[in-house]
Amino acid sequence: MRKDDSMIFDRIKILDEDFIVRDNMYVVTEGTQITYVGSEKPEFKDQEIISGKGKFLMPAFYNTHCHLPMTLMRGYGEGVPLQRWLHEKIYPFEAKFTPEAKYWGAKLGAIELMKSGCVSLTDMYFHLVAYGKGIHEAGLKANLCNGVVSFDDNASYYTDRSYFDILELLDWTESLDDDRIKGDASAHSEYANKSERPIVEVAEFAAERGLIIHVHVSETKSEQMECKSRRGGLTPVQYFEKCGFFRSQVLAAHCVWLEEGDVEI
């Protein structure tokens, strides 16, 4: 929606902020904002008028963790356990995944999200500008990041492609005439980073730039147990706390196998 767009939904059924269904309501939007919701008919000026007959208006859905361009891989390696799926199927596929493919995958995924009433997403992937352009052109909102993956003892976030990818995205978003696309900091997961250094550096970068951190956490029981074995008894959540993640806002994806101390953190 352009900032100068204005619409009136005329006598429409709505679900309000208290989850109460109300009939014959008026809703006015100006630019990117809803400026009026009520039963009294507002003044009609030059707004586009949308009849509410047979329509239902409700708060939208938000997808807080997905990998949208992977819509193009749907069903690939289906039924394979997570680690085999990643290493035998997805990582080799993604090594050949071009920026143009991300752009079109994002658009295809965006169509599916919008058809289900979703207006915004938080995503972890790569080639972020190409991906961001597809999302922006589709009209959605998104927080995008590229999670660092490193299996080298001497690895650094500041020399990794994920760091330069997010810098490129942050520069590109400054050129937009709206704020629908935002950049986040990210580490893929505890298990995808052998050394502690990149994890600590992601935490530092997020704190310095005021960014949210997006990370996979405790998706499987084996991830939880193997982390405790590797990190001196620490769970992934406890390990990330040690590395400084929770100085920033954190979007922790999955969290299937959390323990009591993890929930408290």
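**Sheet, helix and surface**

Helix 3 (residues 128-138) lies across strand 7, strand 8 (141-145) and strand 9, and runs at about 170° to strand 8. Contact means heavy atoms within 4.5 Å; axes are lines fitted to C-alpha atoms, for helices over the stretch in contact, with angles from 0 to 180 degrees between N-to-C directions. Helices (H or I, at least four residues) and strands (E, at least two) are DSSP runs numbered from the N terminus. This is a predicted model, in which local features need pLDDT of at least 70 and side-chain atom pairs pLDDT 80 or more, while totals for chains, interfaces and linings use all residues. Residues are numbered from 1 along each chain as its sequence is written, and side-chain values use heavy atoms, without hydrogens and water.

Student: Which strands stand at the edges of the sheet?
Tutor: The open sheet has four strands in the order 6-7-8-9, with parallel pairing; two strands pair if DSSP finds at least two bridges between them. Two of the strands have a single partner each, so one side of each is left without a neighbour in the sheet. These are strand 6 (61-66) and strand 9 (181-183).

Student: What is the bridge partner of Phe-61 in strand 7?
Tutor: Strand 6 pairs with strand 7 (residues 118-124) in the parallel sense, over four bridges. In strand 7, the partner of Phe-61 is Cys-118.

Student: Is Asp-178 buried or exposed?
Tutor: Asp-178 is in the loop between helix 4 (161-173) and strand 9. Buried means under 20% relative accessible area, exposed over 50%, and partly exposed in between (1.4 Å probe, protein chains only). At a relative accessible area of 17%, Asp-178 is buried.
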